[in-house]
Amino acid sequence: MRTSDFAYELPAELVAQAPPAARSDARLLHLGSGGRTAHLGFSDLPSLLRPGDLLVRNVTRVIPARVPARKEAGGGRVEVFILPEGEGPGGHFRALTRPSLRPGVRLLAGEGDRVRLEVGTDLGGGQRRIRILSGAAGILDLAEQVGRTPLPPYIHRDSEGSDGTDRERYQTVYARFPGSVAAPTAGLHFESGMFARLRASGIEIVDLVLHVGYGTFAPVRVEDPRDHELAAERFFVPDATRRAVLAQLAEGRRVVAVGTTTVRVLETPGVLEGDGIAGSTSLLILPGHRFRVVSAMLTNFHLPGSSLLMLVAALGGTDAVLAAYREAVRRRYRFYSYGDAMFVEKRGEGAP
């Protein structure tokens, strides 16, 4: 297995730069357990689920993590990218800064320079320790006051442009717990009415939390993907969710995950063994993984050679998934965060 095995050609114009007019306007490519594909709309999702299925979704909330600022001395423009998992006492937090800044530099942010920050220790890997001097009570307050939506780098925006549409649409309608710096994008297609339809069809819906970290953007730079290391991400599985999943497995019914983040939590060893499990996971799922919990998943289309594409290939079969991606390109599907969706069922026994 090589990272290059997961490459595919994608014309730049198929990378979605904006969400569709309505969340549910997305197309939906169905990849069945035998490798056959069908082309549907997202509103057809209920037809792919079965009465008795358990749908598990990630209710994390994206914070406006990109903070535009300027140097107190000289006024040069700076961006501070908040890393929520690194918050400490005394207003300290981890961040990436662009450009790189030396310790002691003071920054101003917000209308009227109401927030003051100070750059601290170089933590390596491009990270800096930042301290809030005044104007914000912590990183969530800082982000809500002056931050912008942390769109991935393949979505292009004028840095001075409006953030209103992205604030709403780069967020699931069921987002509850702030802490992510990227959206669990499979969930962006849902509107509230869809869940009423699903429940009426006999689908149970439960929640968990995984806070998506900056490492989700990290490319796989090694030739053997087994040598790639994922940054740990924090999760919480409520006891009600744990019990519902265990009941599904005991009764031989399907657990359907909304997104790769949900898959990674559910497949993390030991996650179903305690009451209200909280922890972190750096689980890397590659082809050959034995899925013990998830039978099917809803997901978006992922970058070539990415760990997310490898996870999808592990569930649906590498050959079948890559063939489906090539078919999606031919049919002009929209790719990545604001793009279209796939419903992928676990490949049949013996499939490559």
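A polar contact is taken as a pair of N or O atoms within 3.5 Å; within protein, one atom must be able to donate a hydrogen and the other to accept it, and residues adjacent in sequence count only if both atoms are side-chain atoms. The structure is a predicted model, in which local features need pLDDT of at least 70 and side-chain atom pairs count only at pLDDT 80 or more, while totals for chains, interfaces and linings use all residues. Residues are numbered from 1 along each chain as its sequence is written, and side-chain values use heavy atoms, with hydrogens and water left out.

A polar atom of the Glu233 side chain lies 2.9 Å from the backbone nitrogen of Gly213. The side chain of Glu233 also makes a polar contact with that of Arg264, at 2.6 Å. Glu233 belongs to strand 13 (residues 233–237); strands (E, at least two residues) and helices (H or I, at least four) are DSSP runs numbered from the N terminus. With a relative accessible area of 8%, Glu233 is buried, where buried means under 20%, exposed over 50% and partly exposed in between (1.4 Å probe, protein chains only). Beyond its neighbours within four places in sequence, Glu233 is in contact (heavy atoms within 4.5 Å) with residues including Leu210, Thr216 and Ser280.

The open sheet comprises nine strands in the order 2-1-17-16-14-3-12-13-15, with mixed pairing; two strands pair if DSSP finds at least two bridges between them. Strand 2 (37–41) and strand 15 (277–281) each have a single partner strand, so one side of each edge strand lacks a neighbour in the sheet. Strand 13 pairs with strand 15 in the antiparallel sense over five bridges, and Glu233 stands opposite Thr281 of strand 15.

Tyr214 is situated in the loop between strand 12 (204–210) and strand 13. Tyr214 is partly exposed, at a relative accessible area of 35%. Apart from residues up to four places away in sequence, Tyr214 touches Phe81, Leu83, Leu96 and Val181. The C-alpha atoms of Tyr214 and Ala182 are 7.3 Å apart, with a sequence separation of 32 residues.

Most residues other than glycine have a negative phi, and most peptide bonds are trans. The Arg98 to Pro99 peptide bond is cis, with omega near 0°, and Pro99 lies in the loop between strand 7 (92–98) and strand 8 (106–109). Asp113, which is not a glycine, has a positive phi of about 55° and occupies the loop between strand 8 and strand 9 (115–124). Arg332 likewise has a positive phi, near 65°.
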